[in-house]
Amino acid sequence: MENAKFSFNELSCSGFQDNFVSQTVGSEVADCGDTRNDSFCSDYGFCQENFWDKESLISRYEEQEQLQQSFLDYMQFDDLRSNILSPPLEICLEEITKLGEIQNGVQGDDPKEDKSYPISLESLQLLRNYSTGFKQLTSGRVIEPSDCIRPANVSGQGLSTEDIIRIAGARFIQSSCHGFDVDSMFNNPFYLSSSGLSDEDTKMVQLAESLLASAEKIGNQQFDVASRSLKLCSSSSSSDGNPVERVVYHFAEALREKIETETGRFISKGLGKKQLFDIEKSMMNANPTILAAHQAIPFSQIFHFAGIQAIVDNVADARRIHIIDFTIRNGLQWTVLMQALVSRHECPVELLKITAITTACENLIQTTGKRLTSFAHTMNLNFSFKIVVVSDFLDLKEDMLELDDEETLAIYTEYFPRSLIVLPKRLESVMRVIKNINPCVMVVVEVEANYNSPTFVNRFIEALFYYSAYFDCFEACMERDDSNRLILESMYSGRAIRCILAIEEEERMIRSVKLDVWRSFYGRFGMMEIDLSSSSLLQANLIVKKFACGIYCTLDQNGRSLIVGWKGTPLHSLSAWKFVL
C-alpha cells in the first residue's frame, strides 16, 4: 500500500497561495509505535531516499501548479493582494466541571481564602514554577530552539519576553516572601541589583513586576492600590512598542477593566460571549489578518499538515471517506487532504465527504463549501459537502450526519472542545454523539494552557506566560509596524486576555485546559490516545524549517501527542484519539 505524503512550499501574499504538494512514497512508511523516546531524524525507519527525492518533488509540484492556481481563483482572494463507553451522566458532568481545576489542585478551593499572604501559596508556587523555567513536559524534545540565530527583524534583541517575565516573577516572589509592598518593592536592594541585565532589560523587568503586583492586589481585592500600580504600567507601556511593553499594555487594560467591573464602575455585559463569537466569525472569513498570520507564523500550518497526515494514516485502506469538522473555518486544511488522497494509486478514493457542524455563520461556511467543491472538481475528486446547523449543541443527533456504513469516518477539530468547557452539558452531549458514531480517529488541536481555574491570580499567571511567548513570536515573525500584527495583538490576543481576566463565571467563554486534563476527560468515554506516526512528525518538522522564525519553534512529544511551543514554552497540542471501549 502506498502512503500519500505531502510537503510544504512557500505561500505568497498573492491570494494566500497555498502551493501544497502531494508526494507518493514507493515503500511503506514504518509506524514508529510509541515515539515518546525517539529522536526526530532517521530513527523512524522511513525511506529517506524516496522521501527526499527532489526531482520527484519538483515534478509533482509542476504537475499540480495549475490546479493550485484554480483553487486560488475560486477562493476569490485577488482583492486581498493590495491589503493583505459513555459514563453515567452525573460522573461525566462532574468531570467536565472539574476540567482545569484538577490540574492545579484547586478542587473545592475558595479563591477568597488565605488572605494572610500577599499572594496565595498556590499562586505563588505556580509563579515559582514558571519563573524557574518549568515547562511541564513529560517526554522527548523533537526540535530544540536555536537561540544563537535571530531573524533580521529582531537582531540585537536582548532577553526574550518570557525571560523578562520569569525574572520579574522571581523578584516578585522574593519581594512577597519578605513582605514588601508595591511602593517599597522598588527600594529593595535585591530588586535594584541588575544581575548583569542591560538597562533596557532592567526597565522591562521593573515594568513586568509592577504588572504582577497589580494582579496580586486585585486578587486580594485591594483595588485602590492596584490602580496606582496600573498607572505605572500604563505610562511605561505601549501597544506598538517592544513585545514586553505590548504585553504589559494589553494585560494592564484587562486588569483595569477587571477593577472597573468589580467596583461597579463598568459592566462588561456579554463581553465574553460577544467577543468569542466575533473572533470565531472572523476566523471563518478570508480576512487579510488571518491569512497574514497563517503565512508568517508556523503554528496553523503545523497543525494542518501534521493533523491531516494523521487522518491519512488512519484512512489508508478506505475508498469512501467521511470527515466531520466542528470548526471548519476557511477549510484550507482540506485542500491538503484532497491532494494526499488523489495521489493514492493502489486504493483510489471513490468519495470524499466533509460535514461541517455549526451553530452560526452558515453563509460563511457555504462559501467555504463552494471553494472546496470547486477545488475538488479541478482534481477530478468525487466530493460532497454538507452543513449541519444546530441552534444548540444539545440538539445534535447522529441521524443529522447522514452516515453510511460503507464510509470510513474521521473527526477533525481545532479548539472546539474547549469552547464548551463553560457548557458542560453540551460538551457531554457532543461526546456522546461522537462515541455513538465511533470514528476511526479524532484529531484534536487545542491550546496548551489552563485558563479554567476559578482563582483569578492563577488565570493571570497562566495567561501572562502564555501570551508573553506569543507576543515574542509576533516580534520574531512580523514587523513591529505591520498593521496585521497590531490587529492580531489587539483584536484577537487583547480581547482574549480581557475575557480571561476581566470576566467571571458563565460569562467567561474563553477557557482552556491542558492535555493531561483532556486525557482524563476523554478516558471517561473510553477513548485512547494513539500515536502520531513518524510521517505526521516529519510534516511538522518540514513546516518549521520553512519559516525563518521557525528556529524558535519547538516540537515536543508529550505521551503520544505533539506539543508545539515557542522557545520551549508549550502553546498548542495536536493529538489523535480512538474509542477502545
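1. Two strands pair if DSSP finds at least two bridges between them; strands (E, at least two residues) and helices (H or I, at least four) are DSSP runs, numbered from the N terminus. In β8, Val 443 is the bridge partner of Tyr 412. Strands β7 and β8 (residues 441–447) run parallel, over five bridges.

2. Now look at the other partner of β7. β4 and β7 also pair in the parallel sense over five bridges, and Ile 324 stands opposite Ile 411 in β7.

3. A friendly word on confidence. This is a predicted model, where local features need pLDDT of at least 70 and side-chain atom pairs count only at pLDDT 80 or more, while totals for chains, interfaces and linings use all residues. Residues are numbered from 1 along each chain as its sequence is written, and side-chain values use heavy atoms, with hydrogens and water left out. The pLDDT (the predictor's confidence in each residue, from 0 to 100) averages 76 for the chain. Confidence is highest in β4 (residues 320–325), at a mean of 98, and lowest in β2 (residues 20–25), at 29. Where pLDDT is low, the predicted coordinates should not be read in detail.

4. Which kind of pair do the rings of Phe 299 and Trp 566 make? Their centres are 6.4 Å apart (rings pair within 6.5 Å) and their planes stand at 90°, so the pair is edge-to-face (over 60 degrees; under 30 is stacked, the rest tilted). At 3% relative accessibility, Phe 299 is buried, and Trp 566, at 1%, is buried too.

Technical notes:
Phe/Tyr/Trp six-rings, centres within 6.5 Å; stacked < 30°, edge-to-face > 60°. Buried < 20%, exposed > 50% of the residue type's maximum accessible area, 1.4 Å probe, protein only.
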